[in-house]
Every structure is written in structure tokens, then in C-alpha cells.
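Reader: Please take me through this model. I want the criterion behind each label.

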Amino acid sequence: MAKKVAGQLKLQVPAGKANPSPPVGPALGQRGINIMEFCKAFNAKTQEMEVGAPCPTVITYYVDKSFTMEIKTPPASYYLKKAAKLKSGAKTPSREVAGTVTAKQVREIAEAKMADLNATDIDGAMKIILGSARSMGIEVK
């Protein structure tokens, strides 16, 4: 028999850095999820990733207080800022250029994000990444 789902929770947690302090602890605690069990499982699953990379995580929790988690790849903006060596995007993206990335870097980002993007091929994924770059004021050369 399948478990009865109590709800879902979306959090963005840095890879390898889940701990019971806010915002993770209170969000899990008020739903009755074992905080330390989540932190240990999350850190174990993200140990191969770059430490500190923001990981969108969907946590499905059940009536019996158990949970499952789906860890997605870091946002495209994280990869774009890293590739362009920026701290943040442009204040006015259509008027100023904050940085530049190469087409090769865009392709690498699209390949890394392919599982989470709504695209059937790498060219479609690259167009999505290019749109994100444009909205951040990052130019592609």
C-alpha cells in the first residue's frame, strides 16, 4: 500500500551545507520532518556537487513523518554568474552589459541543466540558457 502524502515543500539549500539553523530547520520542524535525518541525507547526496552551490530541493513528506527528496541542479543564473565571473547580474539588463560568456560555456551549462529544462534537444536548452543570460545582462560571444 502506498504512503499517504501529507504535503510538499520546496527549499533552496546550499550543497553540502544543510544544517538545522534557519531557514531549513524551522521549515522542516513545523511540518514534523526529522531535521537531522534530512540534513544528513541531503549532505550525503550532494557531496559530489560543488560545496555551496544552491540546490532547489522538493521534499515530499508523508503522514507517518517520513519524507523523500528530489534534488535538482543549481539554477542557470548560478552557472552563468560563475562562467562570467560575476557577483550579480546587471541592474538594468537591457541597457548595460554585466559580463560575457562564450557559446561553448552556454552549451556546457545547457548540458548540465538538461534534466531540469523543458527542452527536447540541446539546441532548445541553449536557447533557454541564452534567455536567462539576456535577462541578467550577460552577453554571449
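Author: Contact means heavy atoms within 4.5 Å. The model is predicted: local features need pLDDT of at least 70, side-chain atom pairs count only at pLDDT 80 or more, and totals for chains, interfaces and linings use all residues. Residues are numbered from 1 along each chain as its sequence is written, and side-chain values use heavy atoms, with hydrogens and water left out.

Reader: Which residues does L80 touch, not counting residues up to four places away in sequence?
Author: V101, I109, I129, S132, A133, M136 and I138.

Reader: What makes a nonpolar core?
Author: Buried Ala, Val, Leu, Ile, Met, Phe, Trp, Tyr and Cys residues, joined through side-chain atoms within 4.5 Å. Buried means under 20% relative accessible area, exposed over 50%, partly exposed in between (1.4 Å probe, protein chains only). The largest such core here has 36 residues. L28, F38, I59, L80 and I129 have the most contacts inside it.

Reader: Why is this core said to lie between domain 1 and domain 2?
Author: Domain 1 (5–71) and domain 2 (76–140) both contribute residues, so the core lies between them. The bounds come from an automatic or database domain assignment.

Reader: Why is K85 called exposed?
Author: Its relative accessibility is 74%. The cut-off is over 50%, so K85 counts as exposed.

Reader: And K65: buried or exposed?
Author: Exposed, with a relative accessible area of 51%. Phi of K65 is near 70 degrees, a positive value in a residue other than glycine.

Reader: Which residues does a cis peptide bond join?
Author: P22 and P23, with omega about 5 degrees.
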